[in-house]
Amino acid sequence: MKLTNGRAGILAAMVAGGILLSQSPSATAQSQRAPADDENSFVSRALDFGILNISSWIFQGVNESGQITFDFAGKPLKGYSKSQRLDFEAAKAEGELRRISGGGLYIQKGTLSGSVKIWLEKGQKSQSLLTSEVIRVEELANRDRLVLTFPGAVNFAGQDDQNLRAGSGTFVFVGKPNQPKGFAGGELKGGVKGSVKTFGGKTNAINTIDTGALQLIPAEATFDFVFPGAFTFSQVATISGPNGSETRTITFSGTKGEFKIPNETTGTVRPIRSATVEGRVRITIKSVAPGQDEPLEITAEGDRLTMDEAGEMRLVGNIRLESDTLSYRRTGSSEVLYIQFNDLMEVVKYGSKGNPSKVEIEKKEDGG
């Protein structure tokens, strides 16, 4: 679509609820939402949608459908959509707007390109920022789902220093118009790295990720991390116990895996609710056990791993255990090593059971 230069004199054109005004630069959309008489801007009559700092444009409205197609460029464009609770900045914006009652507009389908920034819930505690060279925006017809797609490299920055980087991906948000939108899931590919924090009444955890692909799935009681390929996943949990705050560190690597991280905000909740990993699996654990002054450090390997909601982690097949007190190895596909955690993520018991040998060690309260 060829763009028309918008700097030849003052032009005001109304179309299906939108106003285009041109000539001089205008204020940024993020710091000042544009009134209808700001120049170089395209603003809805309801002032719920606007694109500012336009240098060239083309748009067309169809009254019967309530649709407006648009193609704007700026240095850069600055825009907002109040009902979608997003602000944006880009060199170019094109796509389809949809008219709503009261003279409002929203992005039904659009592509932002050129040093794109999208803020969700800007200025709120839940603010997050997405940056990429291209971001596609789509809102489904019933307006309860917003989809952001990144065909190229993307950076995500959320509250409390949360961050993720990837080669491409998709995020989905749900929520009614003009209401906060909750994260409903996402998929990232291509060198996924970063950290996601999780919080509870007595547990805060930093979850660090290094993998080729990641699926994020929020559930009723957990936030699921799904790794379809090789990965390293590390969690550093700060837990408030009877003796004050203590730190537990555990790192997993494998060929694929799934972790359920609790999203409860009250009570004492183990910061890894359950896990399934295929391998060769390797884990390292640094934990302060009951009655111990020094942290317990364990490195273990196996062919596969499970951790149930009771806190028992089981490594199965060709197991290996190294700790500060022993070195243990046993070959065979059915050999099992177990590590028992309590809700404070303390290692309270670990060992192996098998024939003809049996090795089992319990950490005693007195450290013996």
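In this predicted model, the largest pocket has a volume of about 790 Å³. Of the 27 residues that line this pocket, Gln159, Gln162, Phe183, Lys197 and Phe223 are the closest to its centre.

**Lining of the largest pocket**

- The elements that each give two or more residues to the lining of the largest pocket are strand S13 (168-174), strand S14 (182-199) and strand S15 (203-218).
- Strand S14 gives the most to this lining, with six residues.
- Sorted by class, the lining of the largest pocket is made up of 13 nonpolar, 10 polar and four charged residues.

**Cavities**

- The count of cavities of 30 Å³ or more comes to two, and the second largest cavity has a volume of about 30 Å³.
- The residues that line the second largest cavity are Val154, Asn155, Phe156, Leu164, Arg165, Ala166, Phe171 and Leu188.
- At least two residues of that lining come from strand S11 (154-157), and at least two from strand S12 (163-166).
- By class, six nonpolar residues line the second largest cavity, together with one polar and one charged residue.

**Asn40**

- Asn40 is placed in the loop that lies between strand S3 (18-21) and strand S4 (41-44).
- Asn40 counts as buried because its relative accessible area is 3%, and the cut-off for buried is under 20%.
- A polar atom of the Asn40 side chain lies 3.0 Å from the backbone oxygen of Ile54.

Conventions:
Residues numbered from 1 in each chain as written. Predicted model: local features only at pLDDT ≥ 70, side-chain atom pairs only at ≥ 80, totals over all residues. Heavy atoms only, no water. Helix = DSSP H or I, 4+ residues; strand = E, 2+ residues; numbered from the N terminus. Buried < 20%, exposed > 50% of the residue type's maximum accessible area, 1.4 Å probe, protein only. Polar contact = N/O pair within 3.5 Å; in protein donor to acceptor, adjacent residues only side chain to side chain. 1 Å grid on protein atoms, 1.4 Å probe; cavity = no way out; pocket = protein on both sides within 12 Å on 5 of 7 lines; lining within 4 Å. Points joined across faces, edges and corners; volume = space filled by probe spheres on them. Nonpolar A, V, L, I, M, F, W, Y, C, P; charged D, E, K, R; others polar.
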